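Let's go through this fold by asking what stands behind each label. Have the coordinates open while you read.

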Amino acid sequence: MLTIHKAQPEDAGLLHQMGYTSYRHHFAHLWHEKQEMEAFLEQEYALPVLDQSLRDAACCWLIAATDKPVGFAKFSFRQPVTPQGPAGTLLHKLYFLPGMTGKSYGERLFEEVVCHARARGEAFLWLEVLAANPQARRFYERQGLRHLHDTVFGSASQQSTLHILGREI
């Protein structure tokens, strides 16, 4: 049985470990330079970064678990898709540990994000998904999100297209 709970500052160590493990498993092959990926991971999952994020009232982390943690989500409220809008909940991450995808956990965790967004009075949810990750895009489209536009994520050695998807909630 899957349980989902809101992460607290004392969960920073667990999120640190799950973030590095899940990201490397699912995305390491997309990076041309390992050092750039490690710098990205540090800016996302370093303990001080996680601690600050877990204490930010505009941000929320959820942890999904069975008999052990299996995945997590991070989202922020009142984030504009473009300067002209709309604004809504930005789903930054919905990641699972190796071997934990394909079990319908993603649908459950996604729906929990939607419930938290609605509880905060949000009417729109959006996210960025790598063009190089068509499986994730298909998952989000099954959740009712539609393509809004594209943008680019760049590092020193590469650029990646990001699809911006969103839906009213």
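Q: What makes β2 and β3 count as paired strands, and in which sense do they pair?

A: First, a caveat: this is a predicted model. Two strands need at least two bridges to pair. Strand β2 (residues 59-65) and strand β3 (residues 69-80) have 7 bridges, in the antiparallel sense, so the label holds. For a spot to look at, find L62, which sits opposite A73 in β3. The two strands form a hairpin, with 3 residues between them.

Q: How do you know that β3 and β4 are paired?

A: The bridges again: 8 of them join β3 to β4, against a cut-off of at least two, so these strands pair, and they run antiparallel. P80 stands opposite A87 in β4. This is a hairpin too, with 6 residues between the strands.

Q: What is the value of phi at G85, in the turn of the β3-β4 hairpin?

A: G85 has a positive phi of about 100 degrees. Most residues other than glycine have a negative phi, and most peptide bonds are trans. The bond from G85 to P86 is cis, with omega near -5 degrees. P86 belongs to the loop between β3 and β4.

Q: Which value of phi does R78 have?

A: R78 is not a glycine, yet its phi is positive, about 55 degrees. You'll find R78 in strand β3.

Q: Why is S104 called partly exposed?

A: Its relative accessible area is 47%.

Q: What is the strand order of the open sheet?

A: The 7 strands run β1-β2-β3-β4-β5-β7-β6, with mixed pairing. From one strand to the next, the twist averages 25 degrees.

Q: Why are β1 and β6 called edge strands?

A: Count partners: β1 (3-6) and β6 (146-154) each have a single partner strand, so one side of each has no neighbour in the sheet.

Q: In which sense does β5 pair with β4, and in which with β7?

A: With strand β4 (residues 87-96) the sense is parallel, over 3 bridges. With strand β7 (residues 159-168) it is antiparallel, over 7 bridges. In β5, L125 is the bridge partner of T89, and L127 stands opposite L91. On the β7 side, L127 stands opposite L165.

Q: Why is β5 described as largely enclosed?

A: Buried means under 20% relative accessible area. Of the 7 residues of β5 (residues 124-130), 6 are buried, so the strand is largely enclosed by the rest of the structure. To get from β4 to β5, the chain passes through helix α4 (residues 105-119), and this β-α-β crossover is right-handed.

Q: What makes R167 count as buried?

A: R167 has 15% relative accessibility, and the cut-off is under 20%, so this arginine is buried. R167 is found in strand β7. Beyond its neighbours within four places in sequence, its contacts include F110, V114, R118 and F124. R167 and W126 are 41 residues apart in sequence, while their C-alpha atoms are 6.5 Å apart.

Q: Which residues touch the most other members of the largest nonpolar core?

A: L15, W61, L91, F110 and Y140, out of 47 residues. Setting aside neighbours within four places in sequence, Y140 is in contact with L91, L94, F110, L127, V129, L145 and L165. Another core, of 5 residues, lies apart, and its members include V81, L90, F124 and W126.

Q: How do helices α2 and α3 pack?

A: Two packed helices are described by the angle between their axes and the distance between the axes. For α2 (residues 34-45) and α3 (residues 47-54), the angle is about 35 degrees and the axes are 5 Å apart. E42, Q43, E44 and Y45 of α2 meet L47, V49 and L50 of α3. Sorted by type, the contact residues give 4 nonpolar, 1 polar and 2 charged.

Conventions:
Residues are numbered from 1 along each chain as its sequence is written. This is a predicted model: local features need pLDDT of at least 70, side-chain atom pairs count only at pLDDT 80 or more; totals for chains, interfaces and linings use all residues. Side-chain values use heavy atoms; hydrogens and water are left out. Buried means under 20% relative accessible area, exposed over 50%, partly exposed in between (1.4 Å probe, protein chains only). Helices (H or I, at least four residues) and strands (E, at least two) are DSSP runs, numbered from the N terminus. A crossover is right-handed if, with the strands pointing away from the viewer, the path from the first strand over the helix to the second runs clockwise. A nonpolar core is a set of buried Ala, Val, Leu, Ile, Met, Phe, Trp, Tyr and Cys residues joined through side-chain atoms within 4.5 Å. Contact means heavy atoms within 4.5 Å. Axes are lines fitted to C-alpha atoms, for helices over the stretch in contact, and angles run from 0 to 180 degrees between N-to-C directions. Ala, Val, Leu, Ile, Met, Phe, Trp, Tyr, Cys and Pro count as nonpolar, Asp, Glu, Lys and Arg as charged, and the others, Gly among them, as polar.
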